[in-house]
Amino acid sequence: MLTHFMRLQRVGVPHYWIFDPEGRALIAYALEAGAYCSVFTAAGVAETRRRARIPPFEAVEIELGVLFGDEPDD
């Protein structure tokens, strides 16, 4: 996976997310000055049941639990 990560960085992909549904983890990276920097991290049940605005989709509030298979909040 590191090779893939470095290849995306080298060609200038502006955002990169690592999503682990089994481990209930999400890490979002943004390319800044030619290197990826973590811009968002959520891990574990408590953190992945909240709502978040994550680059490059910060205009939309994402209900993280839905990404992990939880029922949406009403």
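Author: Let's start with a cut-off: a residue counts as exposed when its relative accessible area is over 50%, and as buried when that area is under 20%. Anything in between is partly exposed. Do keep in mind that this is a predicted model.

Reader: Thanks! Then why is Arg 49 called exposed?

Author: Arg 49 has a relative accessible area of 52%. The cut-off is over 50%, so Arg 49 is exposed.

Reader: And why is Arg 24 called buried?

Author: Its relative accessible area is 14%. Buried means under 20%, so Arg 24 falls in that class.

Reader: What makes Arg 24 and Asp 70 a salt bridge?

Author: The closest N and O atoms of Arg 24 and Asp 70 are 2.8 Å apart. The rule asks for a side-chain nitrogen of Lys or Arg within 4 Å of a carboxyl oxygen of Asp or Glu, so this pair meets it. The pair also links distant parts of the chain, 46 residues apart: Arg 24 sits in the loop between strand 1 and strand 2, and Asp 70 in the segment after helix 3. As background, side chains of opposite charge can pair when their charged atoms come close.

Reader: Which class does Asp 70 fall into, and how do you know?

Author: Asp 70 has a relative accessible area of 22%. That value lies between the two cut-offs of 20% and 50%, so Asp 70 is partly exposed.

Reader: What makes Arg 24, Arg 49 and Asp 70 a network?

Author: Salt bridges link these three residues. Besides its bridge to Arg 24, Asp 70 forms one with Arg 49, where the closest N and O atoms are 3.5 Å apart. Arg 49 lies in the loop between helix 2 and strand 4, 21 residues from Asp 70.

Reader: How do you know that Arg 51 and Glu 61 form a salt bridge?

Author: Their closest N and O atoms are 3.9 Å apart, and the limit is 4 Å, so the pair counts. Arg 51 is in strand 4 and Glu 61 in the loop between strand 4 and strand 5. Both are partly exposed, Arg 51 at 40% and Glu 61 at 41%. By this rule the count comes to 4 salt bridges.

Reader: How do you know that strand 1 and strand 2 pair?

Author: There are 6 bridges joining strand 1 to strand 2, and pairing needs at least two, so they pair. The two run antiparallel, with Trp 17 opposite Ala 28. Arg 24 turns up here again, taking a positive phi near 50° in the hairpin of these strands.

Reader: Which residues make up the largest nonpolar core?

Author: This core has 9 residues in all, including Leu 26, Ala 28, Phe 40, Ile 54 and Phe 68. Strand 2 and strand 3 each supply at least two of its residues. Another core, of 5 residues, lies apart from it and has Phe 5 and Tyr 16 among its members.

Terms used. Residues numbered from 1 in each chain as written. Predicted model: local features only at pLDDT ≥ 70, side-chain atom pairs only at ≥ 80, totals over all residues. Heavy atoms only, no water. Core = buried A, V, L, I, M, F, W, Y, C linked by side-chain atoms within 4.5 Å. Buried < 20%, exposed > 50% of the residue type's maximum accessible area, 1.4 Å probe, protein only. Helix = DSSP H or I, 4+ residues; strand = E, 2+ residues; numbered from the N terminus.
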